[in-house]
Amino acid sequence: MGFLRRRLVTAALTANAIRPLTGFRFGIPAFVAGWLSGELAPHLLALTAADTAAQLARGRRDPRALAVAGASAAGLAFLVAQARRAGDVAEDALAEALGPGYRDQLETQPTPADVAAGWRPLVNPFRLTRQARAGFVVERDIAYNDRGRRGRLDVYRPAGGVPDGGAPVLVQVHGGAWTVGSKERQALPLMRHLASRGWVCVAVNYRLAPRHPFPAQVIDVKQAIAWVKEHIGEHGGDPSYVAITGGSAGGHLCALAALTAGDRSWQPGFEDADTSVRCAVPHYGVYDFAGATGLRSVELMRDRFLGPQVLRTRFSEEPDVFEAASPILRITADAPDFFVLHGTVDTMVGVDQAREFVRRLRDRSDHSVVYAELPGAQHAFDTFASIRSTQVVRAIDRYLHWHWNTWRAGLDHDDQVDDPQPRDD
């Protein structure tokens, strides 16, 4: 491929990352191209500069190719700048919802370096450094039910041990459109970071559709939570403090499990088990299965994918099934604390869905709701180490440590909100 063609490809990828094609038909290809281009923008920028310099060194000065290279470089620099804003955006969201005094509940005060992203881990974003490996250990493929591989979980725990009384616990639910995915592939930066910082993290598998239609997935997640409450003490965790997180389909299951603790219809065989969580941190989740928001994108997902592939029924025939599966319709005053994250250019799950979910949470829940809307972020922005994901991991770290320390001190969360969010009338 010639220099001009290479630069045209890079320019197209950059343009899609900045302003992706929208609509149900284009959502998946726009995501695939935009996700990697956006999160790997520093690498693409370096390659563009190196390729251009090599051409100039050879005396090749095609003005069209150089113009395209310049435009690509400018666009990639814009993407890098957007990604670097993620830390400030997340910190502003935390301070706005929890009050600036939330930092007083942290063991150490975050510095500008904690909010910003270091460059060293980003050189090879898919590599785990020896130093990082030394901070945690993983126990793999522990059975939490009798359903084989889909009923297993991994436990990440601090290599140096945990304090007396046990460490706080985070349950991670993988995404994959309820049909694919596994516990070993997602949220690794977050779990490795938290395990190195004293948390016990539990990554769970669950049965997949369409072979196992919904609600098999949320039943399994609830059974995993019940297992954690009963057994995590054997692995150094504190069963009285369990938080939950997940992205995409995992964000949906995370939010739904958090909002339906004690729903006996989704706890067959373990009806009396405690499946409550202290807080939930869903990323780019699906919150509306029924079309309650009135968004056209939600209705298309419901009728063309969720119905035939995940629930194996039609909304027109069993609307109550779709409504029960919608976190946005399961919000009550008893909803736990939430930290919701979503990207502004997510083409798989539009940001409008997250905005409406957060609005209803703030309107109905008696507990805190933090919402960070990340500029320029696509779906799955936290899958591997990047400028944006590194800052998001640190923001979640601050939120979870605030929540854990506040709970441990026996303080009422509402008393910790210096400047609470206004509620909609």
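Modeller: Let's start with Val32, which sits in helix α2, residues 27-39. Keep in mind that this is a predicted model.

Biologist: Fine. Why is Val32 called partly exposed?

Modeller: Its relative accessible area is 45%. Buried means under 20% and exposed means over 50%, so 45% lands in between and Val32 is partly exposed.

Biologist: What makes Ile28, Val32 and Met348 a nonpolar surface patch?

Modeller: Residues in a patch need over 30% relative accessible area, and nonpolar side chains are joined within 5 Å. Val32, at 45%, clears that area cut-off. Together with Ile28 and Met348, Val32 makes a patch of about 250 Å².

Biologist: Now a charged one. What makes Glu91 buried?

Modeller: Glu91 has a relative accessible area of 7%, and the limit for buried is under 20%, so Glu91 counts as buried. You'll find Glu91 in helix α5, residues 86-98. Beyond four places in sequence, Glu91 touches Tyr102, Arg103 and Arg398.

Biologist: Why is the pair of Asp220 and Arg147 called a salt bridge?

Modeller: The rule asks for a Lys or Arg side-chain nitrogen within 4 Å of an Asp or Glu carboxyl oxygen. Here the closest N and O atoms are 2.9 Å apart, so Asp220 and Arg147 pass. Asp220 lies in helix α9 and Arg147 in the loop between β1 and β2, so the bridge ties together parts that are 73 residues apart in sequence. Asp220 is buried at 0% relative accessibility, while Arg147 is partly exposed at 32%.

Biologist: And how do you know that Arg64 forms a salt bridge with Asp62?

Modeller: Their closest N and O atoms are 3.5 Å apart, and the cut-off is 4 Å, so that pair qualifies too. Arg64 is exposed, since its 57% is over the 50% mark. Asp62 comes out as partly exposed at 28%. In total, the rule gives 23 salt bridges.

Biologist: Last one: which residues have the most contacts inside the largest nonpolar core?

Modeller: Val202, Phe214, Ile244, Phe338 and Phe357, in a core of 61 residues. A core takes buried residues of nonpolar kinds joined through side-chain atoms within 4.5 Å. Phe357, for example, is in contact with residues including Ala255, Tyr287, Ile331 and Phe338. There's also a second, separate core of 45 residues, with Ala90, Leu106, Tyr399 and Trp402 among them. In soluble globular proteins, nonpolar side chains tend to be buried together.

Note on methods: Residues are numbered from 1 along each chain as its sequence is written. This is a predicted model: local features need pLDDT of at least 70, side-chain atom pairs count only at pLDDT 80 or more; totals for chains, interfaces and linings use all residues. Side-chain values use heavy atoms; hydrogens and water are left out. Buried means under 20% relative accessible area, exposed over 50%, partly exposed in between (1.4 Å probe, protein chains only). Contact means heavy atoms within 4.5 Å. Patches are made of residues with over 30% relative accessible area and no salt bridge: like charges are joined within 9 Å, nonpolar side chains (Val, Leu, Ile, Met, Phe, Trp, Tyr) within 5 Å. Accessible areas come from the Shrake-Rupley method with a 1.4 Å probe; for residues, only the protein chains shown count as cover. Helices (H or I, at least four residues) and strands (E, at least two) are DSSP runs, numbered from the N terminus.
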